[in-house]
Number of protein chains: 2
Amino acid sequence: MFAALGCVTRLELVSRLGDGSEHSITDLADGLPLTRQAITKHLRVLHHAGLVDSRRVGRESRFTIRPGSITHARDYLTRISEQWDAAIARLRTVVES
Amino acid sequence: MFAALGCVTRLELVSRLGDGSEHSITDLADGLPLTRQAITKHLRVLHHAGLVDSRRVGRESRFTIRPGSITHARDYLTRISEQWDAAIARLRTVVES
DNA sequence: TCATTGTGCAACCTCCTGGTTGCATGTAGT
DNA sequence: ACTACATGCAACCAGGAGGTTGCACAATGA
């Protein structure tokens, strides 16, 4: 999932989808200097990472942000950094004693 | 930075450094099924992303976690998800009205 | 001084990723 | 039925990421 976000194009897509509404592929591809196919691949990656949902409507497939999907990553980072802080504080106590 | 974390090996390294103490390169490479050179490259990436600090001590270079470096990413994710939630809530209100 | 240890550097290799093009398919509209 | 639009699929390509090997070099310890 960090890998999914570690790409400016996909961050841009996520940002565009961040308005909460549905977007088709050509809609998302419009304005970006990329082929529709490239966008399709990126969307596939994002979907695989659980960041977006897709729904087929007629001849177009609409993508939406999956709300709350990012909080997992955020909580993970929170936990990690708390562990760091705790470990470092512990070390500091040992050194000072 | 997401790209730096989007790699299991580097996550492992970050996790090992998470104890807050200093580690040399061979120390970190020990136990991993990789060459010392590979670890060196990964550490370079992590350092470039601002996640770790390095210090030369005698003939070995010691790496440490940069505390607080991850909070930037976490705050970013928090801001993003808040924007999403706000946008979606706004949409819902419009739809229901 | 000499062997050992910890790194750094450079060249090289392989494979995956990001990207394109071309074509086929399904859906909408007239 | 025919055209236009939105997408899917497959093949293909270039470049970079991840990894290895070999060698050179500085610091350590006997």
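By what turn and what shift along the axis can chain B be laid on chain A? In this predicted model, a turn of 180° with a shift of 0.0 Å along the axis places chain B on chain A, and the RMSD is 0.0 Å. The two copies are therefore related as by a two-fold rotation axis. The interface agrees with this: 100% of the interface residues of chain B are interface residues in chain A as well, so the copies meet through the same surface.

Within chain A there is a division into domain 1, residues 1-66, and domain 2, residues 68-97. The centres of these two domains of chain A, taken over C-alpha atoms, are separated by 32 Å.

The strands can be followed in chain B. Strand β1 (residues 23-24) pairs with β3(B) in the antiparallel sense, over 2 bridges. In this pairing B:Ser24 is opposite B:Arg62 of β3(B). Strand β2 (residues 52-57) of chain B also pairs with β3(B) in the antiparallel sense, here over 6 bridges, and B:Val52 stands opposite B:Ile65 in β3(B). β2(B) and β3(B) make a hairpin with 2 residues between them. In the turn, B:Gly58 has a positive phi of about 65°.

Next come the DNA strands. Around DNA strand C there are 20 residues, and the closest are A:Thr35, A:Gly58, B:Ser24, B:Thr26 and B:Glu60. Four elements each supply at least two residues of the surface near DNA strand C: α4 (36-48) of chain A, and α3 (25-29), α4 (36-48) and β3 (60-65) of chain B. Which element gives the most to this surface near DNA strand C? It is α4(A), with 5 residues. By class, the surface near DNA strand C has 10 polar residues, 5 nonpolar and 5 charged.

Two or more residues of the surface near DNA strand D come from each of α3 (25-29), α4 and β3 (60-65) of chain A and from α4 of chain B. Here α4(B) gives the most, with 5 residues. The surface near DNA strand D divides into 5 charged, 5 nonpolar and 10 polar residues.

Definitions and conventions. Residues numbered from 1 in each chain as written. Chains lettered and ligands numbered in written order. Predicted model: local features only at pLDDT ≥ 70, side-chain atom pairs only at ≥ 80, totals over all residues. Near = placed C-beta within 6 Å. Nonpolar A, V, L, I, M, F, W, Y, C, P; charged D, E, K, R; others polar. Domains from an automatic or database assignment. Least-squares fit on C-alpha atoms with pLDDT ≥ 70 in both. Contact = placed C-beta atoms within 7 Å. Pairing = 2+ DSSP bridges.
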